[in-house]
Structure formats: C-alpha cells, structure tokens
Amino acid sequence: MRNPYLIYAGKRLAQAVAVILLAYLFTFVVVSILPGDPVSNVLRDPQNGFSEEQIQAIIAAQGLDQPLLVQLWTSLSHFLSGDFGLSMRSSRPVTTLVAEVLPSTLALASAGLAVALVLATTIAYGTQFVPKRLGQGLLRGFPSLFLSVPNFVIGLVLIHAFGFQLGLFRVIEPESLWATAFAAFALGIPISAQIAEVLIANLDHEARQDYAAVARSRGLNPARLFARHLLKPSSLPVVTVIALTVGEVLGGSLVTEAVFGRNGIGSLVQRSAAAQDLPVLQAVVSLAAVVFVLVNLLADLVYPLLDPRLQLVGAPKRRPETDGDSSAPALRTVTG
C-alpha cells in the first residue's frame, strides 16, 4: 500500500523540476531575442583589444555560431551539470563569479527574513495580549506603516542615524556584522508587514474558537496560550505568504545591497547588465527561479505536516471512485 504523502511529495517534486526547466527555457528565449548583439557590443569593442581571430575563437568556444536549438540543448546540459559557461565581460567562469558574491546575498536575505519573522510574530502577539489602552490599536497599524515605506528609504535612514550619527557601524565596511544587521532590518521591515497582516487575521479567528476559550479557562498564561494553541493553526497561511515573498526578499536584497554598498548578486547583475554579459544574467535569473520554486515546494510539503486538519486526497487508494486518475494528490481541509 503506497503512502499518500510520498505520492504527493513525488508529484510536487516532479512539477517543481518541470517549472525550473520551463523557467530556464523562457529565460534562454528572452535573452536570445533581446535587442543588441553581445558579440558586437563586447568582443568587438575596440577598448577590449580583441583581434578577429580571437573573437572567432571565443564565439566558437561559447557555441554562439551554432543553431539556436543546438545552443539551447548545450546550455541546458551545462545548466543541469552546474556549468554556466564563461563571462563575456571577464572571461571567467560564471559559476566562480556567482560563488564569490552569493554568500553575501544569502546572508543578507536570510537575516532579513529572520528579522521579518521576529517582527511579524512580535506584532501579532501584541495584538492579541497587549491591552487596548496600552497601544494594541497602534500595533495593528504597524503592518500598514511598514508596507508603505520602501526598503531603500529605511536603509538610508538607518545609515544616517546609526552609521553617521551614532557611529555603530562604518559605512566603508558594508560586510561587517553591524552593517549586515542594519541592512537586514532595512530589508526585513517591509517584508514583515505582509506576514504580520496574515498572522494577525488568523490569530483573531483562532482566538474566537471554543478550544481557545477552554484553554483560557484552564488558566494558561498568554505566552503558553499563544505558543501551544494559537500559533500552530494560524501558521499555515503564513507559510504560504513566506513562500510567495521569496521573490520580494531576493529583489529587496539587490536594492538593499546597492544602498549599503555591499558586493553581492545585485552589484554583479548591475555590472553584467551594463555590459550585456548574457551568460551571467541568465545564470542569475535561473538561480533565482530555482530558489523560488524550491521554497514553494518546501511550503507545499510542510502543509500536511503543519496542520492535521489537512488530508491528502486524490491518491488512487484513497479515492477508489477515481481509479485511473493520475493527477497529483491535492490538499483538502477537513472540518467537523
């Protein structure tokens, strides 16, 4: 007898792989039809000093003299093996260029997401247990305020206040611990707004349920009531929001890097776009697609583990009336 969860996970994994391949195909097609010829713009630039023989050798090495379908197959094969080719700007492996700046971006994105989760959880907790006379209504307004302020404005304010005025970090050392922490706050504050709004709405719903009233009647303190009874059933929509905000985290990281002067994926994209370095741009876009798809896949796999009210349906052994249906198992909320 097959495990419905394993069937569900396998189908979702296959779908994720298909989406990644389609994203790479789309990126390749878009890059191929962009106006401008990178060979003429880069290789034949007189400042680079390439001779015609060298240009032809580079074109052959890059496979740019092959038909488009052959280029696609070669590029896809290299992508699956982790080889993104050579940069047309520096002639260095694209994998090396990305690996040099990726840790900085991942550190900033991870720290920013952690800040967003802590802020959102703290605000949501306050909206449930802080008395109204002490500012519960003000806390409920924080997400709207955070969402209305762009992260680059927050970054500039933090640099002025804590960098120039208080001297807590040196602006010329953007990779330092303190600089990274303030950059994470600039990135995480706007992102926390969406998470907090969804979490507050679901906590309000769960707090009105009978089981919450029973827990209160047993004398549970607010912290235990929040952690043991309210947070877990309210977390499922939050997982969805976090998965959907991954793209915003990545995009916000690029802007925040520019504001704080960090050497990350953002600066690499900026340099590559200015030079029309297509292999680097294609690699960055493809990696972003991979990250986004994998995070959403992880969210799909967490759903049935996080909330016991969800059951997997659609597997043949669970739905005998649909024998022969090979569609992926889906999620259904069981009530009553």
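Buried means under 20% relative accessible area, exposed over 50%, and partly exposed in between (1.4 Å probe, protein chains only). By that cut-off, 38% of the 336 residues of the protein chain count as buried. This is a predicted model: local features need pLDDT of at least 70, side-chain atom pairs count only at pLDDT 80 or more, and totals for chains, interfaces and linings use all residues. Residues are numbered from 1 along each chain as its sequence is written, and side-chain values use heavy atoms, with hydrogens and water left out.

**Figure 1. Overview of the protein chain.** The secondary structure comes to 13 helices and two strands. Helices (H or I, at least four residues) and strands (E, at least two) are DSSP runs, numbered from the N terminus. Contact means heavy atoms within 4.5 Å. Among contacts between residues at least 6 apart in sequence, 71% join residues at least 24 apart.

**Figure 2. Helices α5 and α6.** Two packed helices are described by the angle between their axes and the distance between the axes. Axes are lines fitted to C-alpha atoms, for helices over the stretch in contact, and angles run from 0 to 180 degrees between N-to-C directions. Helix α5 (residues 94-129) packs on α6 at an angle of about 150 degrees, and the axes are 8 Å apart. That makes α5 roughly antiparallel to α6. The cut-offs are these: angles under 35 degrees count as roughly parallel, over 145 as roughly antiparallel, 65 to 115 as roughly perpendicular and the rest as oblique. The crossing of α5 and α6 is left-handed. A crossing is left-handed if the near helix is turned anticlockwise from the far one by less than a right angle, and right-handed if clockwise. From α5, the contact uses Ile123, Gly126, Thr127 and Gln128; from α6, it uses Gln136, Leu139, Arg140, Phe142, Pro143 and Phe146. By class, the contact of α5 with α6 has five nonpolar, four polar and one charged residues. Here Ala, Val, Leu, Ile, Met, Phe, Trp, Tyr, Cys and Pro count as nonpolar, Asp, Glu, Lys and Arg as charged, and the others, Gly among them, as polar.

**Figure 3. Helices α6 and α8.** The axes of α6 and α8 are 7 Å apart, and the packing angle is about 150 degrees. That makes α6 roughly antiparallel to α8. The crossing of α6 past α8 is left-handed. On the α6 side sit Arg140, Pro143, Ser144, Phe146 and Leu147. They meet Ile189, Pro190, Ser192, Ala193, Gln194, Ala196, Glu197, Ile200 and Asp204 in α8. The contact of α6 with α8 divides into eight nonpolar, three polar and three charged residues.

**Figure 4. The Arg140 to Asp204 salt bridge.** A salt bridge is a side-chain nitrogen of Lys or Arg within 4 Å of a carboxyl oxygen of Asp or Glu. By this rule the count comes to four. In one of them, the closest N and O atoms of Arg140 and Asp204 are 3.1 Å apart. Arg140 lies in helix α6 (residues 136-148) and Asp204 in helix α8 (residues 177-207), so the pair ties together parts that are 64 residues apart in sequence. Arg140 is partly exposed, at 32% relative accessible area.

**Figure 5. The Glu175 to Arg262 salt bridge.** The closest N and O atoms of Glu175 and Arg262 are 3.3 Å apart. Glu175 lies in the loop between α7 (151-165) and α8, and Arg262 in the loop between α11 (246-260) and α12 (265-275), so the pair ties together parts that are 87 residues apart in sequence. Glu175 is partly exposed, with a relative accessible area of 41%. Arg262 is buried, at 4%.

**Figure 6. The Glu100 to Arg92 salt bridge.** The side chains of Glu100 and Arg92 meet at 2.4 Å, N to O. Glu100 is partly exposed, at 47% relative accessible area. Arg92 also counts as partly exposed, at 34%.

**Figure 7. Helices α5 and α8.** The axes of α5 and α8 come within 5 Å and cross at roughly 40 degrees. This crossing is right-handed. The contact of α5 with α8 has 22 nonpolar, seven polar and one charged residues.

**Figure 8. Surroundings of Ile242.** Ile242 is placed in helix α10 (residues 222-244). Leaving aside residues up to four places away in sequence, Ile242 touches Leu113, Leu117 and Ile195. Ile242 and Ser192 are 50 residues apart in sequence, and their C-alpha atoms are 9.5 Å apart in space.
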